[in-house]
Amino acid sequence: MIGFSPISATIGGALIGAAAGLLWIVNGRIAGISSIFGSALSGRLDDIRWRLLFLVGLPLGAALGIAFAPRLISDASAAMPTLGIGRYELAASGLLVGVGTALARGCTSGHGVCGLARLSARSIVAVLVFMLSAIATVYLVRHGL
């Protein structure tokens, strides 16, 4: 693993947990990105406002990170693998992720961060399924294909 720092990972995880907990306490909502995004497209006006603010905050947080801690961002991007696929394959991949989150009724943030913290049986199963799928995919890509 290149560029891993347990300190920044711990701080980042604590911030994600605090934000998810705050959303739950203040709004009674789970911080699942796919559900927040999907409902922002087809919700009531009073319900859309917080969803749009949440979604705007995601890239805004990255922009603040670039502005105030550019070294952390450059270290992270240097450690990212290159995909080596075209825009159509990337779009198809995004579509498959969307279908998967719809089938699982949530995404990694909803099930993995919030659902596991609530000891949700559905989230435990979902996390096991997508982690095992990820492990199998990495194995096949590295050794089988």
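Among contacts in the protein chain with a separation of 6 or more, 34% join residues 24 or more positions apart, where contact means heavy atoms within 4.5 Å. This is a predicted model, in which local features need pLDDT of at least 70 and side-chain atom pairs count only at pLDDT 80 or more, while totals for chains, interfaces and linings use all residues. Residues are numbered from 1 along each chain as its sequence is written, and side-chain values use heavy atoms, with hydrogens and water left out.

**Overall build**
- The protein chain has seven helices and zero strands; helices (H or I, at least four residues) and strands (E, at least two) are DSSP runs, numbered from the N terminus.
- Buried residues make up 17% of the 145 residues; buried means under 20% relative accessible area, exposed over 50%, and partly exposed in between (1.4 Å probe, protein chains only).

**The nonpolar core**
- Eight residues form the largest nonpolar core: Ala 20, Leu 23, Ala 31, Ile 36, Ala 40, Trp 50, Leu 55 and Cys 114. Such a core is a set of buried Ala, Val, Leu, Ile, Met, Phe, Trp, Tyr and Cys residues joined through side-chain atoms within 4.5 Å.
- At least two residues of this core come from each of helix 1, helix 2 (33–41) and helix 3 (45–68).
- Beyond its neighbours within four places in sequence, Ala 40 touches Ile 48, Arg 51, Leu 52 and Leu 55.

- Leu 22, Trp 24, Ile 25, Val 26 and Ile 30 make a nonpolar surface patch of about 540 Å².
- Val 26 belongs to helix 1 (residues 6–27) and counts as exposed because its relative accessibility is 64%.

- Ser 123 sits in helix 7 (residues 121–144) and, at 3% relative accessibility, counts as buried.
- The Ser 123 side chain makes a polar contact with the side chain of His 111 (2.8 Å). A polar contact is a pair of N or O atoms within 3.5 Å; within protein, one must be able to donate a hydrogen and the other to accept it, and residues adjacent in sequence count only if both atoms are side-chain atoms.
- Leu 119 lies in the loop between helix 6 (108–117) and helix 7, and its phi is near 60°, a positive value in a residue other than glycine.

Notes. Patch = residues over 30% accessible without salt bridge, like charges linked within 9 Å, V, L, I, M, F, W, Y side chains within 5 Å. Areas by Shrake-Rupley, 256 points an atom, 1.4 Å probe, with all protein chains shown as cover. Salt bridge = Lys/Arg side-chain N within 4 Å of Asp/Glu carboxyl O.
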